[in-house]
Amino acid sequence: MGSVRLSFTAALLLYIASAGGAAAQKEWTASPVDATSLPSEIASETRLKVLDGLPDGLVAAHAGKGDIVSAWYGAPTTRYGHSILGDAVEAGELIVKSAKGRTFSLVLPPSEVFEDRYPRLADLDGDGTVEVVAIRSSLSFGASVAVYGLRKGTVMELASTPFIGRANRWLNIAGIARFRGRRGREIAYVQTPHIGGTLFLYAFEQGRLTKIGSLGGFSNHFIGSREMRLSAVADIDGDGRMELALPSANRHRLRITGFGKSGPAYRAGVDLPAAIDKAIAVGSRPDDALYRWA
């Protein structure tokens, strides 16, 4: 049977008691946990801070094989006054480090910024090369998901979703994983998480991003917060495909979402006594020292 264990002074810990828990029941239970009894890594950020780049920016690292081992943002700019992450400083440059130790960068045009704290690294299509996933915003048309790669010594844009369509409209990436159980990894994100968010699932296939499906009623951020990890990825029902734990639109309910051929589908949920505003982590037992971040 699945359960959710909760500590608002640290983070939300999604405790998977046994495989098949989410499949066996639609409603779970929430219980408060003393924050001092939980590992500190639930709430603390383990990624390295960028020393010369975006203030409060973090370095993304890729531990597996591939052509890119790390990436971060540079060229701080105030040309976009949205301030959704708590300040007016965004990034104008993406920097990547190759497996051979060389650094390469891509500079955005003046009409765009990276409205993000850190890139995400993953082999999206399973071809052995690493893609960089970023939140890129147009000063006129809002945010989009952009995928970049290292090609012949140059950082290139490989694909992107459409911009939302108007300025000061944002999205937050919720997870990148094998949600459909296939070779590659899909990108899940919540569009407009502050004004009635919609969960989208996209796959990077044949060099382009293809929309798999969408589902309404989510949020994974609150305005002004630096915390972008209000989501968690885990195989909750033991079927070999990853599920996504996300807050509801008002953040008072945790929703467990699975993914099939037609996109996201509700699997289970739990009501919470207060709005989620901290990182969500997943463990296989209460004393598990290993947690997976979305």
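**Contacts and cores**

Tutor: This is a predicted model. Leaving aside neighbours within four places in sequence, L124 is in contact with E131, V133, V147, I176, G184, R185, I187 and F204.

Student: Which residues of the largest nonpolar core touch the most other members?

Tutor: The largest nonpolar core has 23 residues. At least two of its residues come from each of β10 (131-138), β11 (142-151), β13 (171-177), β14 (186-191) and β15 (197-205). The members that touch the most others are L124, V133, I173 and I187.

Student: How many residues form the second, separate core?

Tutor: Among the members of this second core are A60, V96, L106 and L121. In soluble globular proteins, nonpolar side chains tend to be buried together. The number of residues in the second core is 20.

Student: Why is one side of β13 and of β16 left without a neighbour in the sheet?

Tutor: The open sheet has 4 strands in the order β13-β14-β15-β16, with antiparallel pairing. β13 and β16 (208-218) stand at its edges, so one side of each is left without a neighbour because each has a single partner strand.

Student: Which residue of β15 stands opposite A188?

Tutor: β14 and β15 run antiparallel and are joined by 6 bridges. Across from A188, the residue in β15 is L201.

Student: What percentage of the residues in the protein is buried?

Tutor: The protein comprises 1 helix and 21 strands. Counting as buried those residues under 20% relative accessible area, the share of the 294 residues is 53%.

Definitions and conventions:
Residues numbered from 1 in each chain as written. Predicted model: local features only at pLDDT ≥ 70, side-chain atom pairs only at ≥ 80, totals over all residues. Heavy atoms only, no water. Core = buried A, V, L, I, M, F, W, Y, C linked by side-chain atoms within 4.5 Å. Buried < 20%, exposed > 50% of the residue type's maximum accessible area, 1.4 Å probe, protein only. Contact = heavy atoms within 4.5 Å. Pairing = 2+ DSSP bridges.
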